[in-house]
Each structure stands twice: as C-alpha cells, then as structure tokens.
Amino acid sequence: MHKDLIIAALWSISPFGEAKVGIPYGMYQGANEYVVFIVCFLANVMVFPLMMFFLEYINRHLVKWRFYKKSAVFVGQRAKRGSGKKIQRFGFLGIVLFVMIPLPGTGVYAGSIAAYLFKMKKREAFAANTIGIFFSSVIIWVATLMSMEGVN
C-alpha cells in the first residue's frame, strides 16, 4: 500500500502524467481514495517551486548549449502559442483555467513555463497553478471514483 502511494506520488511529480495519472493509479491499486488525492495533489503542487528554480537558475546555464537552446525555444513558443492569448487576456484566471483542464500538456509544467514567460509574480503564479491543480485533481478524482463504481 505504501509502495503504491509512493508510485502515485512519483507519477504526480512526473511531467508524463502529473496527478492526472497518479490519482487513478493509486486508487486502482486499492489505496484509500482520500489519502491518494491528498498525496497526489501535494506532490503535483511541489512541481511549481522545482520548475521555478530550474527556470530561474539552471535554465540560464543550459541555454548556452545549442541543442538545449533550440529545445527551450520550441517549448517556449509552443507554450505561448497554446496559452499565450488566454493568459495575457485573463492573467491569473487564465493560468488557473489552463492548468485546470485535465488534458495532456495543460498541467503545472506548462503553467509554470507560461507564468515564467509572461513574467507573472511568483506568488500569484503559484496560487494560480495550485488552484488549477486542485480543480484538475478533483475532476480526475471524481471521474476515477465514478469509473470504479461502474467496475464494481
């Protein structure tokens, strides 16, 4: 059971799934649904400070390498294209809505990059990402509960 919670938390930190994968994984492994929600939500929230640290300190050194710079520019352009107009128009609410949508590429990683690119204040960006993660996690949690009810 503890192993399943740890794996669910790791999925929630991973850019390949976030809480969108961690919550269903933990619940389908039989862990307590409330504990899974809390663990996965908090693990997903931890991504924002890690991403800000990376973007502010490590990114500056890596951008000197050609391959990394090309990749970073591609990701930055994609983030601006995908969410730029909404975030510029709606600001805080734009980040919340963008992170809240439980689809691939719309989580806290993309929300952190967008907040960084649009130079949002860190506290405001953290709050927007956290609220978005919460609502996304609730949507996934309820959908998983409903699907498990159908299975049982």
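Visitor: Does Asn-44 count as buried or exposed, and why?

Guide: Buried means under 20% relative accessible area, exposed over 50%, and partly exposed in between, using a 1.4 Å probe and protein chains only. Asn-44 counts as buried because its relative accessibility is 3%. Please keep in mind that this is a predicted model, where local features need pLDDT of at least 70, side-chain atom pairs count only at pLDDT 80 or more, and totals for chains, interfaces and linings use all residues. Residues are numbered from 1 along each chain as its sequence is written, and side-chain values use heavy atoms, with hydrogens and water left out.

Visitor: Where does Asn-44 lie, and which residues does Asn-44 touch?

Guide: Helices are DSSP runs of H or I with at least four residues, numbered from the N terminus. Asn-44 lies in helix H3. Contact means heavy atoms within 4.5 Å. Leaving aside residues up to four places away in sequence, Asn-44 touches Ser-12, Glu-18, Ala-19, Val-108 and Ile-133. With that same exclusion, Ile-133 touches Phe-41, Asn-44, Val-45, Val-99 and Val-108.

Visitor: How many residues does the largest nonpolar core have?

Guide: A nonpolar core is a set of buried Ala, Val, Leu, Ile, Met, Phe, Trp, Tyr and Cys residues joined through side-chain atoms within 4.5 Å. Here the largest one has 33 residues, and Ile-23, Val-36, Cys-40, Met-51, Ile-95, Val-108 and Ile-133 have the most contacts inside it. Several helices supply at least two residues each, including H1 (2-13), H3 (33-45) and H8 (122-151). H7 gives the largest share of this core, six residues.

Visitor: How many residues of H2 are buried?

Guide: Seven of the 10 residues in H2 are buried, so to speak mostly covered. Among them are Ala-19, Lys-20 and Ile-23. Just after H2, Gly-30 takes a positive phi of about 95 degrees.

Visitor: Which residues does the "transmembrane region" annotation cover?

Guide: UniProt annotations may be inferred rather than shown by experiment. The unreviewed UniProt entry gives this annotation for residues 35-58, 90-114 and 126-146. In the model, residues 35-58 are 96% helix and 0% strand, with end C-alpha atoms 33 Å apart. Residues 126-146 are 100% helix and 0% strand, with end C-alpha atoms 30 Å apart.
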